Amino acid sequence: MSGFRSRPAQAGPTQPSRRRFVQGLAAGGVLAAIGQWPRPVWALKSPGYPAVLSGTEFDLTVVDLPVSFTGRPRRAVTINGSLPAPILRWREGDTVTLRVTNRLPPDAVHSHETSIHWHGILLPANMDGVPGLSFDGIRRGETWTYRFQVRQSGTYWYHAHSGFQEQAGMYGPLIIDPREPEPFTYDRDYVVMLSDWTDLHPDALFARLKKMSAHDNYYQRTVGDFFRDVRSNGLSATLKERAMWGRMRMTPTDLSDVNAHTYTYLMNGTTSAGNWTALFRPGEKVRLRFINGSAMTHFDVRIPGLKMTVVAADGQNVHPVTVDELRIAVAETYDVIVEPRGQDAFTIFAQDIGRTGYVAGTLAVRQGLRAPVPAVDPRPLLTMADMGHGGHSDAEDSHSGGSHSGNAHAEHAHAGHAAHSHAGLAAHGSIVQTHPPSERGNPLVDMQAQSPAPRLDDPGVGLRNNGRRVLTYADLKSLFPDPDGREPGRTVELHLTGHMERFSWSFDGIPFADSAPLRLKYGERLRIVLVNDTMMSHPIHLHGMWSDLEDERGEFLVRKHTVDMPPGTKRSYRVRADALGRWAYHCHLLYHMEAGMFREVRVEE
Amino acid sequence: MSLRAIIIVAALGIGAAGPLRAGDQAHEHHDHSVRQSSSPATHERQHGHQHGHQHGHQHGHHAHSAQQTSSSSAHEHQHAHQPGHRHGHHEHPAEQPGVGESHEHHGHGGTTHGHSAEPLPVEPIPALTDADRAAAFPELRAHPPHGVSVHQFFQFEELETRDATEGTALAWDGRYWAGTDIHRLWLRSHGERVGGRTHSADVEALYGRAVTPWWDLLAGVRHDFHPADSQTFAAIGVQGLAPYFFEIEATAYFGEAGQTAARLEAEYELLLTNRLILQPQIQLDLHGRDDPARGIGSGLSTLEIGMRLRYEITRRFAPYLGVVHERAFGDTADLRRAAGEDTDDVQVVAGVRIWF
C-alpha cells in the first residue's frame, strides 16, 4: 500500500521530509535547558539513564518551560522542566511518595491550579489527582503529597488533569517493575511516548473547535471528486451516496477533530526532524513501550522491515501476538518486542489516523542513522458501516469516494467485513439499536448508530486490507483469566454522543455539568456496554478500576484502562467496583472531555 | 477448560487462605459460589446458547435459593431478547438506557449482606476500613465542571464593495454570538453605505436557543437606523443547517406601528477545492403593507441572488469576488419605477469573509 514494504533501508544521512505540512522544524524542542533537571534519554535498560526517576520518593515540580517545536518560541507546562515529564520507575508492592509542587507563573496555562493523575493506576480515590473529585488540585505555590501502595506492574503514564495542561506538555511515562519475572525477555528497553504539540494556546484551540469544528478538515470532497465518482460509479450511485451524507449533514472525511494542520507530532518530545533514536545491536531483542500521551491523536504505528510482537496492552500482559502495525488510541499503552537485524537502521513510524502527518524516529546501531521514512498512507473515507449504519450497500456506495488529491482509497474490504458482522443480525430483524430517551430531540446529539457492532476484529478505518497484519482488540488475549470471575450482576448501557458542529460531547446526550453520577455498589460486578453514536473514535477511560473488555460472546478478553470506541461500535466490559470513592470516567480526547464527555462514577457502600 | 480449573483452584486457595472480617463476605457460600461463577462460562462455551436459557439451566443445576435466582433472572431476562446466534455476534442486552433504570436489576451488593448467595469473586473484595472511607470521600471545595464553557464568535460573512449605479457602495452582513452550546445571545447586522451615506442599516439582538440538533429558535428585537426614520421590530425566527448542507435563516418581524416583515436567507457552499469555495446565496424580503417612505410595497418586495467565489487563505480570512442580482417585485417595483429607478440591478462585488 505504502510502497514501502520491502524497500531496503539505507543507513544514511537524514532525508528531509517532502511533505508540505509542518513536521516540526526545530530538532530539539526545549529551548533553554533549565539547568538542574537533566533531559531523559528514554532508555531503561541500556547504558545510563540519568533522567529516569526511580525509587519510592519523588519530588516533582510543575514549571513553565520555553520550547520551540515549529521554529516559533512557545511556553510549555512541564514537570521538572522536561517534555515529556521524566520517566517514573516504581516497583510493584512499594509504597511511593510523590511531592508535587506548583511553581507555574501566573500567566501559564491554567496556572492557578495543577494536578497529576496516575493513568491506569489502582489507588485510593484521594490519590487519583482529579480536581473536584479526588482532591482540590494543587494551587500555585502549594505542594501536594501523593502516597499509595503500588499494586500492579507494567507500562503506564501520568499527566495533568487540570484545564488543558496536558496538551501544553504535562505528561510522562510511568514504568512499574513487576515482583515476579515477566513472561518475556529482552535486551533493551525503551519508552516511545507519542504526543501532539500545538503552538496555539490550548484555550484558543478549544475556542476554535467551538466556533468551527471542521477547521482542520481540508479533505472534504469537492466538485471534481463528484464528477470523478460519477464517471466511475454512475450518476445515481454517486447522488445516492452524497445524499446519505447530505441528509446527515456530515462528511466522510471527518476522521479527527484536530490534525497535523494544527499539531506537530512528537516522539519522546522530539519532532521527526529531531529523529529520536534508540540503539540496538543486531540480534538483540528490544522492548518498546509505546505510550500515546496525545491530547487528540490516534496513531498508527509500524516499523517497516520489522515485526512487532505485542506482549502487553495497557500494562497488562497478553498472549504474544506478532503484527506489522498497531493503532494506539489516546491514553493506551502497548509493549512490543522487536528483533532488529539485517539493517543498521529502521524507522519507527507513527502516522495520525487522518493521514495528515506523522512522527518518525529511528532504531539504529548508532546515533545519526536514518532509514527511509514512508509516505503517509492514502486517506480513508468513512463509510456508512463505519457510522453504525450497517448495510452492505451503504458501505459499497461510500466506497466510491475519491478525495481532491485523488489518493483517498476506498475501503473495499470493509464493506464485506461490515456486512459480515451485521448481516446475520439484521437478517433476523432483531438488532435495532435502542437509544436512551435523553438522546431524543436533544440538540446536542447529531446522530445515532442504527446497528452498531463490537467489531473487535476490525483493524479500523484506514487500516483494513492495507497488506499489513494489523493488531485488533480481538488479538489481545489476556495472559491471566478474569481475576474476578463473576458474571456481571447488572448491565449499564451508556451511549457516546455528540454534536460535531457545536463541538459538544457527552454520554447519553447529557454533558457532565448536567449529569448525575453513575452509582456503583462497592464490591459489585457490573457490565458496561458502550454504544458510539458519533462519527469519532472515543478512547474511554475509567479511573480507579479496570475495564475488563469482553468479546462478542460476553467473555473476558483483556484487561484495559482505556477502551477505544471507533464510530459504529458497541463494546462491553466488566467492571469490578472494588475502589470506594468518586472516580472520573471520560473520553480521553482532551477537548471531548472538556466539552462534557465525562461522568462521575461513584462507588459507595 | 484449564482456565476454569485455574479459577476454581485459585478461588479455593483464596477461600482457604484467610478469614475476612465477620459480615464482610458471605463465607458460608464460598465454595458453592465459585462453582457457580465458573459454570456459566462453561455452558456458554460448550453450547453457545442464549444467555437467558443458560442461566435458567445453571440455576436449576445448582439449586440456589429462590431469592437469588429471581434477582439474577430479573437481569438475565434482558439477554433473552437476543436471538440464539452461536458465533461472533454481539449479544449484550439492549437494556433500558440510562443509569437510573438499571438500578432496579441490582439485587444485592454482595459485600455486606450476610445472607447473600451472590457469587463471590475469585479475587476477594477487600474489606473496607475507616481509613479507606476517609480517603474515598474527602471534603472538597466546589470545582467548575466540564461541559459548560461560554464562547463567542464574530464574523463578517460579507464585507464588500459593490459597484452601484450611484457610486461605490460598502455593504456588510455580520453576526456575533456569545454563549453555550444551547443558549446564545446573537447580534446580527446588515447594511449598505453608498457614497459615504448610510443607505440602510439594521441591528438585531436576539436570544437563540438550540431546539433540535440543527435548528436554533431566535427571538428579540431589530432596529433599523435607515432608510428613513428609524424603526423597531420584534423579531422571531429560526436558523440552522437543513439537510444537504443548506444554511437557512428565516425571521418574521412585527413593527411597533403594526408593520410586519419577513426575511428568508439560504446559502450553500460548493467546494471547487478545499480552499476555493463558490457560495450561492438567496435572500427574499417580504412586507405586510406598503411603506412608500422606504420604497417598500406589500408582498414579496425584493429578491437578491448572490454568487461569491472565495479563497480561504486561512479559515479565518477569505477574500472573494462575486455577482449580486437584486430584483424588486409588485408594489415595490412600482415605487421604484415611479422614482425613476431600475427594478433590477446586477452588481459586481469584492470583499472579504472574516471571523475570529
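Q: Before we start, how are residues, chains and ligands labelled, and what pLDDT do local features need?
A: Residues are numbered from 1 along each chain as its sequence is written, and chains are lettered from A and ligands numbered from 1 in the order in which they are written. In this predicted model, local features need pLDDT of at least 70 and side-chain atom pairs count only at pLDDT 80 or more, while totals for chains, interfaces and linings use all residues.

Q: What does the model score overall?
A: The ipTM is 0.83 and the pTM is 0.82.

Q: And what pLDDT does chain B average?
A: Chain B averages 75, and 66% of its residues score at least 70. pLDDT is the predictor's confidence in each residue, from 0 to 100.

Q: Where is the pLDDT of chain B below 50?
A: Over residues 1-115. Beyond near neighbours in sequence, that stretch has 164 contacts in the model; two residues are in contact if their C-beta atoms, placed from the backbone, lie within 7 Å. Where pLDDT is low, the predicted coordinates should not be read in detail.

Q: What is the secondary structure of chain B?
A: Chain B has seven helices and 13 strands. Both are DSSP runs numbered from the N terminus: helices are H or I with at least four residues, strands are E with at least two.

Q: How much of chain B is buried?
A: Of its 356 residues, 29% count as buried. Buried means 20 or more other C-beta atoms within 10 Å of the residue's own, exposed means 12 or fewer, and partly exposed is in between, with C-beta atoms placed from the backbone.

Q: Switching to chain A. What order do the strands of the open sheet take?
A: The six strands run 24-23-26-31-28-29, with mixed pairing. Two strands pair if DSSP finds at least two bridges between them.

Q: Which are the edge strands?
A: Strand 24 (504-507) and strand 29 (556-560) of chain A, each pairing on one side only.

Q: How do strands 23 and 24 of chain A run, parallel or antiparallel?
A: Antiparallel: four bridges join strand 23 (residues 490-499) to strand 24. As an example, Thr497(A) has Ser506(A) in strand 24 as its bridge partner.

Q: What about strand 27 of chain A, why call it enclosed?
A: Five of the five residues of strand 27 (residues 538-542) are buried, so the rest of the structure largely encloses it. His538(A), Ile540(A) and Leu542(A) point one way, and Pro539(A) and His541(A) the other way. In a regular strand the side chains alternate between the two faces of the sheet.

Q: Which strands does strand 27 pair with?
A: Strand 27 of chain A pairs in the antiparallel sense with strand 30 (residues 562-565) over four bridges, and with strand 32 (residues 581-587) over three bridges. His538(A) has Met565(A) in strand 30 as its bridge partner, and His541(A) has His586(A) in strand 32.

Q: Now helix 3 of chain A. Which of its residues are buried?
A: Thr238(A), Glu241(A), Arg242(A) and Trp245(A). Seen down the helix axis, they fall within an arc of 95 degrees, so they line one face of helix 3; the arc is that of the directions from the helix axis to the C-beta atoms.

Q: What is on the other side of helix 3?
A: Leu235(A), Ser236(A) and Arg247(A), which are exposed. Just after helix 3, Arg249(A) takes a positive phi of about 60 degrees.

Q: Which other residue in chain A has a positive phi?
A: One of them is Asn268(A), with phi near 50 degrees. Asn268(A) is in the loop between strand 13 (263-267) and strand 14 (277-279) of chain A, and counts as buried because 27 C-beta neighbours are inside 10 Å.

Q: Where are the cis peptide bonds?
A: Among them are Leu83(A) to Pro84(A), with omega near -5 degrees, and His226(B) to Pro227(B), with omega near -5 degrees. Most residues other than glycine have a negative phi, and most peptide bonds are trans.
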